[in-house]
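This briefing is meant for a reader who is meeting the structure for the first time. Please look over the sequence and the model before going on to the notes below.

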Amino acid sequence: MQRVRGAWAPAPKMTTTEWANRYRYLAAESSALPGKYRVALTPWVPGIHAALDDPLTYKVVGMKSAQIAWTDGVINNWLGRIIDIDPSPVIGLFAKNAAAMEYGQEKLAPMVTATPRLRAKIDVETSRKDGNRALFKKFAGGFLKLVGSNSPSNVKSTPAPRVFIEEPDDAQVNVGNQGDSIKLIEERTKTYH
């Protein structure tokens with residue numbers, strides 16, 4: 001009976017920072033400090049997490065230097081929390097499909113395989129199972145779609161309540177003569193509150 005009750009229990013309410021401190025692990029192949037993730041190593045990250053968690057915040061923009069824990073500390077922790085306890089569709093926009101593929105292999109897959117709670121919820125090891133592909137990963141209650149900004153169909157087809165953009169300065173300003181890829185990807189969120 002307790003197992004059934006646990007299956008129907010609502011997801012715990014926790015912030016991205018709380019989730020990362022409690023559940024996240026860093027993989028040896030993607031971090032100089034593998035093992036249990038500690039937000040204290042990057043004290044500027046919790047403020048960004050708080051902005052991402054705020055339901056009244058529509059857009060978070062980070063102007064930053066290189067190698068400050070943006071992808072692993074901000075994006076991956078935010079995605080980990082979504083996949084684990086607050087599922088929904090998510091689209092990640094990269095300059096090109098090759099950059100999206102690199103992220104999937106070098107950042108996302110190591111995070112998932114190193115973090116037990118994620119490993120049980122999203123398959124990053126097989127690319128052709130139950131609709132999973134290299135750039136599209138399903139999980140209960142949502143999916144993660146990684147796209148390149150260099151194709152109109154990538155940025156115009158799928159609606160999602162959450163999007164993130166890696167290296168926006170490198171995104172296509174006029175993709176296929178159909179407009180700015182960032183504005184086009186933001187349009188994917190219009191039907192959600």
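In what order do the four strands of the open sheet lie? The model is a predicted one, and in it the strands of this open sheet follow the order β4-β5-β3-β6, with mixed pairing. The edges are formed by β4 (136-139) and β6 (162-165), each of which pairs on one side only, and the twist from one strand to the next averages 15°.

**Pairing within the sheet**
- Strand β5, which covers residues 142-148, pairs with β4 in the antiparallel sense over four bridges.
- Lys137 stands opposite Leu144, a residue of β5.

**Helices packed on the sheet**
- Helix α4 (residues 70-85) packs on the sheet, where it touches β3 (89-94), β4, β5 and β6, and its direction makes about 160° with that of β6.
- Helix α5 (residues 97-114) also packs on the sheet, touching β3, β5 and β6, with a direction that makes about 135° with that of β5.

**The protein as a whole**
- The protein contains eight helices and six strands, which follow the pattern α-α-β-β-α-α-β-α-α-β-β-α-β-α when read along the sequence.
- Because a compact globule of 193 residues would have a radius of gyration near 16 Å, the protein's value of 17 Å agrees with such a globule.
- Taken along the principal axes, the C-alpha atoms fill a box of roughly 55 × 35 × 35 Å.

**Burial, surface and contacts**
- Of the 193 residues, 43% are buried, while the accessible surface comes to about 11,100 Å², of which 54% belongs to carbon and sulfur atoms.
- Among contacts between residues at least 6 apart in sequence, 64% join residues at least 24 apart.

Note on methods: Residues numbered from 1 in each chain as written. Predicted model: local features only at pLDDT ≥ 70, side-chain atom pairs only at ≥ 80, totals over all residues. Heavy atoms only, no water. Pairing = 2+ DSSP bridges. Helix = DSSP H or I, 4+ residues; strand = E, 2+ residues; numbered from the N terminus. Axes fitted to C-alpha atoms, helices over the stretch in contact; angles between N-to-C directions. Contact = heavy atoms within 4.5 Å. Rg over C-alpha atoms; globule rule 2.2 N^0.38 Å. Buried < 20%, exposed > 50% of the residue type's maximum accessible area, 1.4 Å probe, protein only. Areas by Shrake-Rupley, 256 points an atom, 1.4 Å probe, with all protein chains shown as cover.
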